[in-house]
Amino acid sequence: MMDTKENVLQMLKRAVETWDMELVHEASAKALSLGITPYEAIEKGLGQGMVNISERFNEGEIFLPQVLAASKAMEEGMAVFEPYIGKDSHTTKGMIVIGTVQGDVHEIGKHVVCAFLRGAGYSVFDLGRDVPPDDFLEAAKEKKAYIVAASALMTTTLIGQKKIVSCLKEEELNVQTLFGGACCTRKWVESIGGDAYCSCGSEVVECVDKMLRARKGD
């Protein structure tokens, strides 16, 4: 089969869908040789594979290990295009700082969210678990983040999300907040002055895309 642009983009998509490391390297190399820009390769190839993974996860067809395997394939492809990112300012859609709030050590849901966001072409700086509010603030400033996202899985740690909002507002930082977690609700996020709520990992990309469109005034 001839290596057309469309065929190579489909190869990239399939490599992520099947978490095939060999195929992701082969397809990424072919994309570069054909002059496919990193943005197209990520958005229309690798990223589309991750969209399918998201849908299958949401339908209960696959589970966390498969999501993480697909995310790893996505990262392998991204690594191939990394040296060319400076030549294409649109390759990374935006920086997101994420973590689990102070006092909370649950990370599985956050790992899923990170996988989907990276798969959609966002840069994600994962602070890990049990993260103090000030660490979110400092990371947002250092990484020039567009969004700070924080999960809380226990009612006793929800206050951490409120503290994050307070820290960001005190610094008058131009960054939006996104919150979620088992005990987090849309009503809670609205009450603390947060910008957005997301109920599950498979919806996070659509939510973040919407937030950034609003930020840019599209």
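Student: Which strands does H5 lie across, and at what angle to S2 does H5 run?
Tutor: This is a predicted model. In it, H5 lies across S1, S2 and S3, and the helix runs at about 155 degrees to S2.

Student: And H9, what does that one touch?
Tutor: Helix H9, residues 204–216, packs on the sheet and touches S1, S3, S4 and S5. Its direction makes about 160 degrees with that of strand S4, which covers 176–180.

Student: OK, the sheet itself. In what order do the strands come?
Tutor: The order is S2-S1-S3-S4-S5. The five strands form an open sheet, and the pairing is parallel.

Student: Which ones are the edge strands?
Tutor: Strand S2 (123–126) and strand S5 (196–197). Each of them pairs on one side only.

Student: How many bridges join S1 to S3?
Tutor: Five. S1 is residues 95–100 and S3 is residues 147–151, and the two run parallel.

Student: What stands opposite Ile96?
Tutor: Ile147, in S3.

Student: Moving to S4. Is Gln176 buried or exposed?
Tutor: Gln176 is found in strand S4. Its relative accessible area is 18%, so Gln176 counts as buried, the cut-off for that being under 20%.

Student: What is Gln176 in contact with, leaving aside neighbours within four places in sequence?
Tutor: Gln176 is in contact with Tyr146, Ile147, Val148, Asp195, Met211, Leu212 and Arg215.

Student: Which residues make the contact?
Tutor: From H4, Leu64, Val67, Leu68, Ser71, Met74 and Glu75. From H5, Ile108, His111, Val112, Ala115, Phe116, Arg118 and Gly119.

Student: How do those divide into nonpolar, polar and charged?
Tutor: Eight of the residues in the contact of H4 with H5 are nonpolar, three are polar and two are charged.

Student: Last topic, Ser166. Where is it?
Tutor: Ser166 is in helix H7, residues 159–170. Its relative accessibility is 34%, so Ser166 counts as partly exposed, a class that lies between the 20% and 50% cut-offs.

Student: How far apart are Ser166 and Gly194?
Tutor: They are 28 residues apart in sequence. In space, the C-alpha to C-alpha distance between Ser166 and Gly194 is 9.7 Å.

Technical notes:
Residues numbered from 1 in each chain as written. Predicted model: local features only at pLDDT ≥ 70, side-chain atom pairs only at ≥ 80, totals over all residues. Heavy atoms only, no water. Contact = heavy atoms within 4.5 Å. Helix = DSSP H or I, 4+ residues; strand = E, 2+ residues; numbered from the N terminus. Nonpolar A, V, L, I, M, F, W, Y, C, P; charged D, E, K, R; others polar. Buried < 20%, exposed > 50% of the residue type's maximum accessible area, 1.4 Å probe, protein only. Pairing = 2+ DSSP bridges. Axes fitted to C-alpha atoms, helices over the stretch in contact; angles between N-to-C directions.
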